[in-house]
Amino acid sequence: MVTRRRVLGAGLATAAVASTGAALVPVLTSKDAADTAAKAAAPPPIVPFQTAMPLIPVAQPTSTTGGVDRYDISVVTATKQILPGLNTQVLTYGGQFPGATIKARKNRPVVIHQHNGLTVPVARHLHGASVEPYSDGGPMDLIAPNSTRVYTYPNQQPHASLWYHDHAHHLESENVYRGLQGSYLIGDDVEDALPLPKDAYDVVVQLRDARFDAAGQLVYTMGDRTRTTVLTNGVPYPYFEVAARKYRFRLANTSNQRFFTLRLSGNTNMIQIGSDGGLLPAPHTTPSLFITSGERADIVIDFSTFAIGTQIFLESVASNGTAEQILRFDVTHTATDPSSIPPVLRTLPPLPTPTAQRTIVMRMDEDGRPNPQAFMDDKVYDHNRIDQHIRFGASEVWTVTNANTRAPHNFHMHLVQFRVIERNGAAPGPAEAGLKDTVAVMPGETVKLQATFDTYAGEFVYHCHMLDHSAMGMMATMKIT
Ligand code: C2O
Ligand code: CU
Ligand code: CU
């Protein structure tokens with residue numbers, strides 16, 4: 001069993017990092033983090049696979065009149081039992097941890113009356129969505145405590161598995177870590193016409209890491225590399241009972257900064273059918289999946305090849321090859337399966353000829369200094385500065401480089417779904433052939449992407465989606481006019 005880490009005390013936290021993907025998490029040695037790690041004792045060891053994976057509830061609109069789905073949601077603190085026998089204080093949208101899934105439909109607007117019931121400002125951002133600046137929930141567009149803001153999401157973009165999360169400047173990293181996030185699925189006729197697994201066989205699976213103290217409270221320190229507990233839909237190491245048939249899982253990596261390399265036990269393949277911006281052009285059968293913080297991946301797992309009684313593990317593989325079992329699938333019954341995965345899932349429009357080229361360099365202090373900073377083009381984020389001026393309607397190629405030698409990054413743009421056109425000079429792999437809003441940029445890597453700015457004018461941010469990095473300054477502003 002790979003529960004070794006879980007039975008070790010906090011004193012071995014540093015050693016534990018080596019088995020949880022040290023190369024994939026930032027190399028910041030935050031003194032605070034080390035100090036806190038030394039002080040805070042770990043909770044009792046978790047016996048894995050004792051609880052069923054919760055299905056995240058679907059949010060219910062308060063009104064659907066006039067062709068608009070309206071929701072009233074309040075950000076409130078809540079107490080949840082995440083670890084057995086311990087109560088954890090979390091931040092929630094409407095008391096849910098993770099937030100309820102919002103199901104939207106293409107061309108049917110969603111309007112959210114977002115109340116802030118906390119004592120700190122919040123901002124609600126819909127990650128991956130094309131929305132006007134007012135509703136983007138950018139870092140400076142805050143909802144003060146005890147007030148409400150109305151966000152309008154037109155949902156004019158194609159089907160996609162998006163997510164929403166807090167974005168209040170300098171607070172987002174901790175707010176998201178403490179629970180302010182949820183999934184947001186846009187459906188459309190293109191997707192519905194396909195015979196993919198549906199309804200009960202189409203399941204949101206949110207993965208994230210966390211660190212708890214002995215009392216079961218979430219410990220947040222910036223750049224912490226000792227978030228060794230993995231939560232799936234808000235609980236540690238659950239099992240999920242499945243029928244011997246195909247399932248679609250909408251994976252979302254909602255970690256603050258953890259990158260996951262996922263695989264199934266027993267050399268079981270998964271079939272990736274979607275990424276951030278909806279279905280891939282074609283399904284992609286793969287033994288493993290790499291998903292950075294903020295990215296989504298839709299996969300199909302076919303359990304029909306397993307006998308009833310089989311247990312299959314979803315494993316998170318560290319850079320040194322050790323695997324941690326994070327979720328167990330129990331094949332418990334049979335079911336009919338009318339679903340199939342067609343060889344062509346969608347046709348993406350051809351890329352227009354680009355009208356502008358830009359280069360972006362991401363870099364952070366990785367020498368272990370206290371209070372490291374993180375930079376976009378050698379500047380820390382300043383909301384009063386416009387970093388890129390973009391002509392409305394332009395289709396642009398951005399060449400994004402990670403200038404660090406050890407720290408990984410990823411690159412996220414608000415407003416647009418882009419296409420990855422090159423990774424390190426080569427064509428991107430099949431997992432990156434669809435629409436993307438967040439893309440891995442590992443140390444020394446260069447990724448070329450193309451984005452078309454023809455939906456809304458105004459100011460939007462782009463940033464590293466390791467939220468600790470964006471909070472350290474790795475964020476900048478583009479203005480479309
Ligand atoms: Cu997930 Cu600025 O976004
Ligand atoms: Cu975003
Ligand atoms: Cu980064």
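P98 is placed in the loop between β2 (88–93) and β3 (99–105), where helices (H or I, at least four residues) and strands (E, at least two) are DSSP runs numbered from the N terminus. The peptide bond that leads from F97 to P98 is cis, with omega near -5°. The structure is a predicted model, in which local features need pLDDT of at least 70 and side-chain atom pairs count only at pLDDT 80 or more, while totals for chains, interfaces and linings use all residues. Residues are numbered from 1 along each chain as its sequence is written, chains are lettered from A and ligands numbered from 1 in the order in which they are written, and side-chain values use heavy atoms, with hydrogens and water left out.

Most residues other than glycine have a negative phi, and most peptide bonds are trans. Against this background, N107, in the loop between β3 and β4 (110–116), has a positive phi near 70° although N107 is not a glycine. With a relative accessible area of 52%, N107 is exposed, where buried means under 20% relative accessible area, exposed over 50% and partly exposed in between (1.4 Å probe, protein chains only). A positive phi, of about 50°, is also found at D377, again not a glycine, in the loop between β22 (374–376) and β23 (388–390); D377 is partly exposed, at 25%.

The copper ion (ligand 3) is coordinated by H409 (ND1), C464 (SG) and H469 (ND1), at 2.0 to 2.2 Å. Donors are N, O and S atoms within 2.8 Å of the metal (3.2 Å for Na, K and Ca), and since water is not among the atoms, sites may look incomplete. Along the chain, the donors of this copper ion follow the spacing H-x54-C-x4-H. Because H409 lies in strand β25 (residues 409–413) and C464 in the loop between β30 (458–463) and α6 (467–471), the pair ties together parts that are 55 residues apart in sequence. H409 counts as buried, at 0% relative accessibility, and C464 likewise counts as buried at 0%.

The largest nonpolar core has 45 residues, and those with the most contacts inside it are F240, F249, L262, F303 and F329; such a core is a set of buried Ala, Val, Leu, Ile, Met, Phe, Trp, Tyr and Cys residues joined through side-chain atoms within 4.5 Å. Domain 1 (4–192) and domain 2 (199–333) both give residues to this core, so it lies between them, the domain bounds coming from an automatic or database domain assignment. Apart from this core lies another, of 33 residues, among them I390, F411, L449 and M474.
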